[in-house]
Amino acid sequence: MLRYVLRRLGQAVVVLWGAITLSFVIVQLTPGDPARLIVMGNGQGDAGAADASQLAQIRDEMGLDQPLVLQYLGYLRRVLTLDWGTAYSRQRQAVATVIGDSLGSTLELGLVSLVLLVLLGVAFALGSVLLPTAWARSTFQAVTVVGIAVPSFVMAILLLQIFSFRLGWFPAFGADGPGSIVLPSLTIALLGAGTLGQVFSRSIREVSAEGYVEVARARGLGNAQVVLSHVLRNASLPVYTIIGMLVGGVVSGAAIIETIFGRPGIGNLYVEAVTARDFPLIQALIVLTGGLYVLVTLVVDLSYPLIDPRVVSPAARGGRR
Amino acid sequence: MSVLRDPVGAVGTAAGTAPGTDPSRTPVRASLRGLPRAVASHPGIAAASVFLLLLVGWVLVPDLFAPTDPVRAVGPSLAPPSGRFWFGTDLNGRDVYSRVVHGARSSLLAGLVAVLISLVCGGLLGMIAGYAGGILDAVISRAVEVLVSIPGLLLSLAIISALGFGVDKVAIAVGISGIPGMVRIARAETLRIIGLPYMDAATTSGTRRPVAILTHVVPNASGAIAVVAGIDLGGAILAVASLSFLGFGAVPPQPEWGSQINEGRTYIASAWWWTLFPSLVAALTVLSVNRISRGIGTREVR
């Protein structure tokens, strides 16, 4: 067990280091001078008119005039000391301040979305397995397929049209009051719930074919009772492993949804940073989202043996490649 | 570890990819030969095929389907749908239907190019990782994990921040974001094929490694990889539309679905047709592509 934990921690560190390196490489890959692009992205006219001292200052602050290896080491040192530099597109505030201001709103949206997502996803899955008629079951299945195919912005626009403009139940814009979070979180949740519902219902069907389930049926338990008391626990394992991906989907969704609903937040900030080509801000956000994924998957993987002891048992390990 | 990770990889990176297509557990053999039979027995697939054929027509000969000029004003501003303007007109008096038809080309080709990029790069890297094993495999697999750690759309956005804006750059960015998923599938398929007896036969009879990859692994892994690429296509079209919607794709007068939906959304209360029709077409496209690729993919599993 200890070996498993240590190996998993080591992997998390490697992936996080990789994400930091990736955020460094992105800026290096940029054709042209990143400092110039930052100035241009701020809408301060074309590069020729850019103030030379301004360019020099950005280059100096980002260490762009140093040799590549020194730049990389300097970048690693700054990231490890959590010195993210200056957000040039935000009146030269510190990147940490800008992100700190947006974090709360996105955390709120993300958590509400995740809860809704899990509730809806489980409902879709159970509906597509447990409902009494084949017609009702396939209707639920169809809902998940549509949920995956409809672009998030289309879903958002539809919900806006119906619930904000026609019915006037929820505000269409901003982040004031509890009502403003309903439509954004529902949009994000509906999209992820399709994926979760499909994975879960497939898993329920697979587990239902196992021997011990047949034994339960043979003992005379009804379909709903078999699924609820014998199948669900094992069937939820694959769902547990995709939590990291679902969280990633929520963060991705936030980028579009926050833009549409005019909510301040990390996703909105990311899109604006890319538009303004504010590289220090983009770099920090890449590391932040990468770090979030690493953290979530680490927690999932480390708690997995508690749910399914087969993962670390010697017998199971012998059977693995 | 791999026991835990594999289901994640199988689900893919974009929200639009199909869950549960894990070729290491269910060997998927597929080819286009399955298409006619699948169409006959599934009305959903038939409808999706008809719609996709229409889209191919829009891409190849848009003027035949929509003779109206897509970039110039041809009618009154914000006219509702009518016999003359099927999808109504936008603020500048341009024909929304014509813009949807002419926009199909950049929207769909960008998705196609993106999938080709992830298919070629990811397929190659995955086969190399699976076949070579050892350090090369470890390095490629770790790199894939790093790319997966950034959610697909955000990774594309980061790449766009480096490359700059435009439909071509959006396609490249979406393609790169799709590489990790493809590497995982190709690697898993390669490992499966390596375990088969005919690979032992090839090795003992002295076939060299690169030759063995080309003659044995590539043709046998391509079926499953093609199915995943098909499913990825839906996600790629979706991602391209999302990025255009955010304003990183087509340059304004050029018709493109995502940017069109974005232009129209501020007028949704007064002119719902402007944003709704391109939205519907985009959603139906992704739905059709997903339905068909899944239909081909699951043909022999069921």
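**Chatting through chains A and B**

Visitor: Hi! Which residues of chain B does UniProt list for "domain: ABC transmembrane type-1"?

Guide: The unreviewed UniProt entry lists residues 104–293 of chain B under that name. UniProt positions are given here in the numbering used for this model, feature names are shortened, and annotations may be inferred rather than shown by experiment.

Visitor: Before we go on, what should I know about the model and the numbering?

Guide: This is a predicted model, where local features need pLDDT of at least 70 and side-chain atom pairs count only at pLDDT 80 or more, while totals for chains, interfaces and linings use all residues. Residues are numbered from 1 along each chain as its sequence is written, chains are lettered from A and ligands numbered from 1 in the order in which they are written, and side-chain values use heavy atoms, with hydrogens and water left out.

Visitor: What about the accessible surface of chain B?

Guide: The accessible surface comes to about 12,100 Å², and 69% of that belongs to carbon and sulfur atoms. Accessible areas come from the Shrake-Rupley method with a 1.4 Å probe, and for residues only the protein chains shown count as cover.

Visitor: Which residues does UniProt list as "transmembrane region"?

Guide: The unreviewed entry gives residues 39–61, 108–132, 144–164, 224–251 and 271–289 of chain B. Among them, 144–164 is 86% helix and 0% strand, with end C-alpha atoms 24 Å apart. Residues 271–289 are 95% helix and 0% strand, and their end C-alpha atoms are 29 Å apart.

Visitor: Switching to packing: at what angle do α3 and α5 of chain B cross?

Guide: Helix α3 (residues 43–60) and helix α5 (residues 96–132) cross at roughly 90°, and their axes come within 8 Å. Axes are lines fitted to C-alpha atoms, for helices over the stretch in contact, and angles run from 0 to 180 degrees between N-to-C directions. These two helices are therefore roughly perpendicular to each other; angles under 35 degrees count as roughly parallel, over 145 as roughly antiparallel, 65 to 115 as roughly perpendicular and the rest as oblique.

Visitor: Which residues make that contact?

Guide: From α3(B) come L55(B), W58(B), V59(B) and L60(B), and from α5(B) come Y97(B), V100(B), V101(B), A104(B), R105(B) and L108(B). Contact means heavy atoms within 4.5 Å. By class, the residues of the α3(B) and α5(B) contact are nine nonpolar, no polar and one charged. Ala, Val, Leu, Ile, Met, Phe, Trp, Tyr, Cys and Pro count as nonpolar, Asp, Glu, Lys and Arg as charged, and the others, Gly among them, as polar.

Visitor: How do α11 of chain A and α7 of chain B cross?

Guide: Helix α11 (residues 243–261) of chain A and helix α7 (residues 152–163) of chain B cross at roughly 60°, and their axes come within 7 Å. They are therefore oblique to each other. V251(A), S252(A), A255(A) and I256(A) meet G152(B), L153(B) and L154(B) there. The contact of α11(A) with α7(B) has five nonpolar, two polar and no charged residues.

Visitor: Last one, backbone angles: what is phi of L82(A), and of R277(A)?

Guide: Phi of L82(A) is near 60°, a positive value in a residue other than glycine. Phi of R277(A) is near 50°, also positive in a residue other than glycine. Most residues other than glycine have a negative phi.

Conventions:
Helix = DSSP H or I, 4+ residues; strand = E, 2+ residues; numbered from the N terminus.
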